[in-house]
Amino acid sequence: MKFFKSSAIILFALTFFILSCSTVPITGRKQLNLVPHESMLSMSFEQYDQFLKKHKLSADKKQTQMVKRTGQRIQTAVEQYFTENRMSYTLRNYKWDFNLVENKEANAWCMPGGKVVIYTGILQYTKDETGLAVVMSHEIGHAIAGHGNERMSQFLALQMGGTALSTALASQPSETQKLWMTAFGVGAQLGFILPYSRIQEYEADHLGLIFMAKAGYDPESALDFWDRMSKKKEGNQPPVFLSTHPSDAMRIRKIKELIPEARKYYKKAR
Ligand SMILES: [Zn+2]
């Protein structure tokens, strides 16, 4: 009897694990995903709107145009990639948006469903459109790889005892919102920033390189950007983007390894 009971528990745990797992496109890594895609999107669209209401859009027309143009090129590349690989469902209900926000912080992020914000403060590091494409496609890589969902799942499991997102939102709205903002690297206002894990960083680099190359941006420029970032400091503090995105020799080496694969997409795009 005891045997059956423990087998039942194991079976339940296994089923739960399998049901809660998804696979990251391109890299094939299995990840924990407790929050349904639709819940992620609806919270994302709401948080994104609220963020835009509270922050000023850049008045610089030229730079804003560049952000939108770069975003749309990457969006088209991403859509093509997933159509060609018969995985369009990955992008279901996406509502892409690309905005440049007036903010001195060097930061950028992409919330689920393709909601991208670039802070004017990061433009001094991206320098030109290709540099911007490096950052944007990397952030879109995080979103498409479901890293925010993975981090929210970890938070919900560890800090809220495994509550569902909707329950957490209803019972602890401000706490849940803070978790959300942290999960997407929106700001340093919490006083602590949990960096994306190394695995997630390498994964976003991998996806990002393919997306930017497919959009017709030279993937080789990613090396220049990360190299520039690794040398910069804002006063005593490193830029926000750098504190969540450590740029070190290992990262640069991994990017170098991925460039030949990305270059194939770049050649076809030209
Ligand atoms: Zn990243």
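**Helix packing, a hairpin and the cores**

Author: In this predicted model, the axes of helix H5 (residues 129-144) and helix H10 (residues 221-231) come within 9 Å and cross at roughly 85°.

Reader: Why is H5 described as roughly perpendicular to H10?
Author: Because angles of 65 to 115 degrees count as roughly perpendicular, the crossing at roughly 85° makes H5 roughly perpendicular to H10.

Reader: Which residues make the contact?
Author: H5 contributes Thr-130, Val-134, Val-135 and His-138, and H10 contributes Ser-221, Ala-222, Phe-225 and Trp-226. By class, five residues in this contact are nonpolar, three are polar and none is charged.

Reader: What else does Trp-226 touch?
Author: Leaving aside residues up to four places away in sequence, Trp-226 touches Val-134, His-138, Asp-205, Phe-241, His-245, Ser-247, Arg-251, Ile-252 and Ile-255.

Reader: And the largest nonpolar core: which members touch the most others?
Author: Of its 51 residues, those are Ile-74, Val-78, Ile-118, Ile-140, Ile-144, Phe-211 and Trp-226. H5 supplies the largest share of this core, eight residues. A second, separate core of 23 residues includes Val-35, Tyr-48, Tyr-119 and Ala-168.

Reader: Changing topic, how many bridges join E4 to E5?
Author: Four bridges join strand E4 to strand E5 (residues 115-119), and the two run antiparallel. Ala-108 has Ile-118 of E5 as its bridge partner. The two strands form a hairpin with three residues between them, and Gly-113 in the turn has a positive phi of about 85°.

Reader: Are the residues of E4 buried or exposed?
Author: All are buried: Ala-108 and Cys-110 point one way from E4 (residues 108-111), while Trp-109 and Met-111 point the other way.

Notes. Residues are numbered from 1 along each chain as its sequence is written. This is a predicted model: local features need pLDDT of at least 70, side-chain atom pairs count only at pLDDT 80 or more; totals for chains, interfaces and linings use all residues. Side-chain values use heavy atoms; hydrogens and water are left out. Axes are lines fitted to C-alpha atoms, for helices over the stretch in contact, and angles run from 0 to 180 degrees between N-to-C directions. Angles under 35 degrees count as roughly parallel, over 145 as roughly antiparallel, 65 to 115 as roughly perpendicular and the rest as oblique. Contact means heavy atoms within 4.5 Å. Ala, Val, Leu, Ile, Met, Phe, Trp, Tyr, Cys and Pro count as nonpolar, Asp, Glu, Lys and Arg as charged, and the others, Gly among them, as polar. Buried means under 20% relative accessible area, exposed over 50%, partly exposed in between (1.4 Å probe, protein chains only). Two strands pair if DSSP finds at least two bridges between them. A nonpolar core is a set of buried Ala, Val, Leu, Ile, Met, Phe, Trp, Tyr and Cys residues joined through side-chain atoms within 4.5 Å.
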